[in-house]
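Trainee: Could you walk me through reading this model, one feature at a time? I'd like to begin with a helix.

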Amino acid sequence: MRADIVVLGGGPTGCTAATLLARAGKDVLLVEQDPEPRMVVGESLLPAGNRVLEKLGIEMEGFLVKRGAVFSRGDEAERIDFREAVNPKWPSAHQVKRDDLDGRFRATARKAGVRWLVARATGVELPGLLKTNVGDIEAEVIVDAAGREQFLARHMGTRRRHDVLRNAAIVRYYRGIQVLAPAERGDIVVCAFDGGWFWFIPFADGQTSVGVVTTPTCDIQGDRWEGAVARTPNAAARLMGAEPVGQAYGVQDFTAYADRFHGDGWMLAGDAALFLDPVFSSGVFLGIESADRMVGHYLGGTLETYEAEMRAAADVFENVVLAYYDGSFLDIVLAPRAFQPERYRQAIISLLAGDVFGGGPAEAQRVTRSFPAIARAIRNRMAQV
């Protein structure tokens, strides 16, 4: 079996890469082991992700509109509205179930002429040969866009885990989750507790993806879910009276990355290149952005620039994630508005909306390197009142 380019992974990242390569005239074979999209955690998309969705022509009708996010800690809670970003070109995003979203991406790829093979990658000989359970495939380039398993990076021994972000999650779906102030319908809600945090991602059908993330230092004994609920009044109030749908399942090793994103006859995109802790919902956004930028730079012969762009954007998100876990992010966001310099608030909202690439606001880029200092200054101001 032969193709110009083989793409591993039939999710948003793989389908974005395959679609754009096919539109550029390449013979693309997409290899995906699941014949139909699977139901997974669920996704809270970012407004800046609309750029690639519009470029692909992905129709988002039927998904729940997301206009903001709520962050809480103890009895404090604050809502951020994407319309307050520095460059609010897209003031909203969507809350999506992945089987539905992935189905739309797959239909777009097929319409572009992407060939499809239901198979599982079993090995690779670089450059040029992918081994699968149904036979070998020869190709000029192999693209790994198949997600957190990081098939090619593991094969090459270049996968690295993060020194700090080594968290795990338990995920459940519920029906009947309450929308409590200051949240509005469609908002994602993030509730912090000592040792982790909850997410609440609502969907148009009335179900909600609820996850609890725990850090390696979490000291909850026994049932981690029940222990986390007991520590988090904001989460417990939302869960009151809600009914679970299906079984709970676990996810581990959130943050990992590859030493390089491309080489002789291979490229990495999305989670196969790097995966960040999901506290700020960057997964699909960075996935489809990386696929779009990878294809553009591949066709233009500038893959070094692709890697530099993606690492710079990921570094911005990583700084915000680390600030969340050290508490400085919440110290800023949860402070009374009178103590939040407006330029910092706007910058943070811009980051959370996905404005992290070269054209992003300079203030937002600067803030990511200064969260602890900004938080200290705010705390000092509050203490003087």
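This is a predicted model: local features need pLDDT of at least 70, side-chain atom pairs count only at pLDDT 80 or more; totals for chains, interfaces and linings use all residues.

Trainee: How many residues of H7 are buried?

Mentor: The general idea first: an α-helix has 3.6 residues a turn, so residues three or four places apart point the same way. In H7, 13 of the 18 residues are buried, so this helix is largely enclosed by the rest of the structure.

Trainee: And what follows H7?

Mentor: Gly301 comes next, with a positive phi near 75°.

Trainee: On to sheets. In what order do the three strands of the open sheet come?

Mentor: Strands of a sheet pair through backbone hydrogen bonds, either parallel or antiparallel. Here the order is E12-E18-E21, with antiparallel pairing. Strands E12 (159-161) and E21 (274-275) each have a single partner strand and stand at the edges, so one side of each has no neighbour in the sheet.

Trainee: How many bridges join E18 to E21?

Mentor: Two bridges link E18, residues 256-258, with E21, and the two strands run antiparallel. If you want one to look at, Ala256 has Phe275 in E21 as its bridge partner.

Trainee: What does Phe280 touch?

Mentor: Leaving out residues up to four places away in sequence, Phe280 touches Leu46, Phe71, Phe317, Val320, Val321, Tyr324, Phe329 and Leu352.

Trainee: Zooming out, how many helices and strands does the protein have?

Mentor: Its secondary structure comes to 12 helices and 21 strands. The radius of gyration is 21 Å, close to the 21 Å that the globule rule gives for 385 residues, so the protein is as compact as a globular protein of that length. The C-alpha atoms fill a box of roughly 70 × 45 × 40 Å along the principal axes.

Trainee: What share of the protein's residues is buried?

Mentor: Buried residues make up 57% of the 385. As for the surface, the protein exposes about 15800 Å², with carbon and sulfur atoms supplying 49% of that area.

Trainee: And what about contacts between residues 24 or more positions apart?

Mentor: Those account for 73% of the contacts with a separation of 6 or more.

Technical notes:
Residues are numbered from 1 along each chain as its sequence is written. Side-chain values use heavy atoms; hydrogens and water are left out. Buried means under 20% relative accessible area, exposed over 50%, partly exposed in between (1.4 Å probe, protein chains only). Helices (H or I, at least four residues) and strands (E, at least two) are DSSP runs, numbered from the N terminus. Two strands pair if DSSP finds at least two bridges between them. Contact means heavy atoms within 4.5 Å. The radius of gyration is taken over C-alpha atoms; the globule rule is 2.2 Å times the number of residues to the power 0.38. Accessible areas come from the Shrake-Rupley method with a 1.4 Å probe; for residues, only the protein chains shown count as cover.
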